[in-house]
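Please examine the surface of the protein shown below, with attention to its pockets and to its nonpolar side chains.

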Amino acid sequence: MEPASVERLSVLFQSDDYIVVDKHWDIRIDSKMWYEKNTVQAQLRHRFPQLADPNTYYGFRFCHQLDFSTSGALCVALNKAAAGQAYRCFKERTVTKAYLALVRGLVEEEIQTLHFSIGKNTSEGKTHMMCIEGTDGCENSKPCQTALTVLEYGLYDGEPVTKVLLQPFTGRTHQLRVHCSAIGHPIVGDFTYSSGADNGPFRMMLHAHLLHIPLDPEPLLVYAGDPFLPSVDSKWIPQRSLRPLKDTVDALLEQRMEEQRQVKAMERERVRQREEKRLKKNSKVESDEQRRQCEEWLREWDGDS
């Protein structure tokens, strides 16, 4: 529960190509503001000065983003080639991410998929926010999808809350925060999407728990622990558990792996069919050429006789 500092950086994974850190809440990834000293970029420079790339503005290549208020797994590429490979995985949506959250109220539907389209809020005083399609001032909305699974019911500081696992299938800004707010269960401590009302908790209760990037030849799989435990925050009191976190995450990951195996199998089959069609076409061309030569030989033979 201590505030972030440049010296305090938790590293979850490190290789020649990547570092995955457990980002603290209420810290920016990077900033161009001279007065913004406390950033993940500054933490990395302090901890790994020899790994900073002078050819980049910030010194490190962040493979994805986490909100200022969100904690958890954040992947950093240490060279251009590694950044490119990770970027392709994110672009092709083969990356699996799962977040833990405490949300206000008791979520009745235990397993659901949220499909609200999200756009930019152009209303006066709200331009820093996103919004649901159809609401006042909402522009340039895009389809978004989030899977929600209830893990536990309990109390936070005496108020009913639900611990959920959130899996975003798209990557819109503030997607999880907006989707939870849209179903009437804003994230605990989310000052922005509670219209400033939820300002009691010491942080916003949203944490990037799982990150799986299907890199070649070795996938990157990192877990960032669970910060929403009574041993960490005594104000959170679980009352009824529906499903264990580990089993739920393992099932989610296995489902994603199976989906990706099926996609790869379908792609191999498409390649095989294209190759088969090409070979048949070439075979037909060769057969036509052979027939022409035979007919020419026969005419020459008739002429000789």
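The structure is a predicted model. Rolling a probe the size of a water molecule over the atoms shows where empty space is left. The largest pocket holds about 960 Å³ of space. Its lining consists of 34 residues, and those nearest its centre are His64, Gln65, Lys97, Gly171 and Arg172. Sorted by class, the lining of the largest pocket comprises 13 nonpolar, 11 polar and 10 charged residues.

The second largest pocket contains about 470 Å³ of space. Here 19 residues form the lining, and Glu92, Thr94, Pro214, Gln260 and Lys264 lie nearest the centre. The elements that supply two or more residues to the lining of this pocket are H2 and helix H4 (245-304). H4 provides the largest share, with 7 residues. By class, the lining of the second largest pocket has 7 nonpolar, 4 polar and 8 charged residues.

Attention may now turn to the nonpolar patch. On the surface, Met1, Phe202, Leu229 and Val232 form a nonpolar patch, and together they have about 330 Å² of accessible area. Met1 belongs to the segment before strand S1 (11-14). Why is Met1 classed as exposed? The relative accessible area of Met1 is 56%, and a residue counts as exposed when this value is over 50%.

Terms used
Residues are numbered from 1 along each chain as its sequence is written. This is a predicted model: local features need pLDDT of at least 70, side-chain atom pairs count only at pLDDT 80 or more; totals for chains, interfaces and linings use all residues. Side-chain values use heavy atoms; hydrogens and water are left out. On a 1 Å grid over the protein atoms alone, a cavity is a set of points where a 1.4 Å probe fits but cannot get out, and a pocket is an open set with protein on both sides within 12 Å along at least five of seven lines; lining residues have an atom within 4 Å of a point. Grid points are joined across faces, edges and corners, and a volume is the space filled by probe spheres set on the points. Ala, Val, Leu, Ile, Met, Phe, Trp, Tyr, Cys and Pro count as nonpolar, Asp, Glu, Lys and Arg as charged, and the others, Gly among them, as polar. Helices (H or I, at least four residues) and strands (E, at least two) are DSSP runs, numbered from the N terminus. Patches are made of residues with over 30% relative accessible area and no salt bridge: like charges are joined within 9 Å, nonpolar side chains (Val, Leu, Ile, Met, Phe, Trp, Tyr) within 5 Å. Accessible areas come from the Shrake-Rupley method with a 1.4 Å probe; for residues, only the protein chains shown count as cover. A salt bridge is a side-chain nitrogen of Lys or Arg within 4 Å of a carboxyl oxygen of Asp or Glu. Buried means under 20% relative accessible area, exposed over 50%, partly exposed in between (1.4 Å probe, protein chains only).
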